[in-house]
Structures are given as C-alpha cells and as structure tokens.
Amino acid sequence: MIRLYGIPNCDTVKRARAWLSGQAQAHEFVDFKKQVPDAALLRRWSEALGGVEGLVNRRGTTWRRLDEAQRAGAEQPEGALALLQSQPSLIRRPVVEWPDGAVTAGFDEAGWRERLPG
C-alpha cells in the first residue's frame, strides 16, 4: 500500500491525497505532527532520495524562522537530520513510500502517474 507522510493542513499534501483518491488508489496517511519520523526513517528516506537535501524544505515559513546557527547546522547531513526530527514541518511534503520500496518527496503528478499499476 502507498504510505503518504505529511501535515494534514498542507496544501500540497491535500492535493496529493485528493489526487490519489481520484485515481482510486488506497493509501495510508501518516501525520508528521502526531507521529514524528524517527532518525532511522529519516536516514532511510535521505538515502533513497540521494541525500538529505531532498528532504529539507527551504522555502517554507519554518525554514525562514530558523536562526542562522540552525540553518548552518543543516548544511551537514547529521545536523539536517536532527533538525528535521526536531522540527518535522521542515520536511518536504509529502514523502511517499511506494509499494515497490521507492521513496519520493513532493507532489509530481506525472511522476506519480508512472508509478501506478496498469
């Protein structure tokens, strides 16, 4: 089953969930706020995405609210992972674990359509 991680009031997450439903694709939704991803999960996602940069949302208000020291700490992979765990709103959304084991971050309708069976 498709597992989609995010924040329920995020517009991109809402669009992604609606799109999956419109494609008749069952999925499990995991709310970052209620179930914060642990370090092992964040590390696995980071590896699947080719590095932690694929997980850090540098365009959102949470990033803009960080002080310079926190931003500087995010330049190193371990620092970024620790920051993502302490502030899950910094995680690029949605993160999706696909049935084939692939992981994606963000909503890309064309890319998602290719992942769906038949």
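Is aspartate 100 buried or exposed? Select this residue in the predicted model: aspartate 100 is exposed, with a relative accessible area of 60%.

**The aspartate 100 pair**

Arginine 115 and aspartate 100 form a salt bridge in which the closest N and O atoms are 3.7 Å apart. Arginine 115 belongs to helix 6 (residues 109-115) and aspartate 100 to the loop between strand 3 and strand 4, so the pair ties together parts that are 15 residues apart in sequence. Arginine 115 counts as partly exposed, at 35% relative accessibility.

Four strands form an open sheet in the order 2-1-3-4, and their pairing is mixed. Strand 2 and strand 4 (103-105) are the edge strands, each pairing on one side only. From one strand to the next, the twist averages 20°.

Select strand 1 (residues 2-6) together with strand 2; the two run parallel and are joined by five bridges. Within this pairing, arginine 3 stands opposite glutamate 28 of strand 2. Helix 1 (residues 11-22) packs on the sheet and touches strand 1 and strand 2, its direction making about 160° with that of strand 1. Helix 2 also packs on the sheet, where it touches strand 1, strand 3 (95-97) and strand 4. The direction of helix 2 makes about 85° with that of strand 3.

Return to arginine 3 and glutamate 28 and show their side chains, which meet in a salt bridge (3.0 Å, N to O). Since arginine 3 lies in strand 1 and glutamate 28 in strand 2, the pair ties together parts that are 25 residues apart in sequence. Arginine 3 is partly exposed, with a relative accessible area of 31%, and glutamate 28 is likewise partly exposed, at 32%.

**Histidine 27**

Move to histidine 27, in strand 2 (residues 27-31). A polar atom of its side chain lies 3.2 Å from the backbone oxygen of glutamine 25. Among the residues that histidine 27 touches are Met1, Arg17 and Leu20.

**Helix 5**

Finally, select helix 5 (residues 77-86), in which Ala80, Leu81, Leu83 and Leu84 are buried. Seen down the helix axis, the buried residues fall within an arc of 165°, so they line one face of helix 5. Their cover includes helix 2 (39-48) and helix 4 (68-73). A salt bridge joins glutamate 78 to arginine 43, with the closest N and O atoms 2.8 Å apart. This pair links distant parts of the chain, glutamate 78 being in helix 5 and arginine 43 in helix 2, 35 residues apart.

How values were computed:
Residues are numbered from 1 along each chain as its sequence is written. This is a predicted model: local features need pLDDT of at least 70, side-chain atom pairs count only at pLDDT 80 or more; totals for chains, interfaces and linings use all residues. Side-chain values use heavy atoms; hydrogens and water are left out. A polar contact is a pair of N or O atoms within 3.5 Å; within protein, one must be able to donate a hydrogen and the other to accept it, and residues adjacent in sequence count only if both atoms are side-chain atoms. Contact means heavy atoms within 4.5 Å. Buried means under 20% relative accessible area, exposed over 50%, partly exposed in between (1.4 Å probe, protein chains only). The arc is that of the directions from the helix axis to the C-beta atoms. Two strands pair if DSSP finds at least two bridges between them. Axes are lines fitted to C-alpha atoms, for helices over the stretch in contact, and angles run from 0 to 180 degrees between N-to-C directions. A salt bridge is a side-chain nitrogen of Lys or Arg within 4 Å of a carboxyl oxygen of Asp or Glu. Lists of a residue's contacts leave out its neighbours within four places in sequence.
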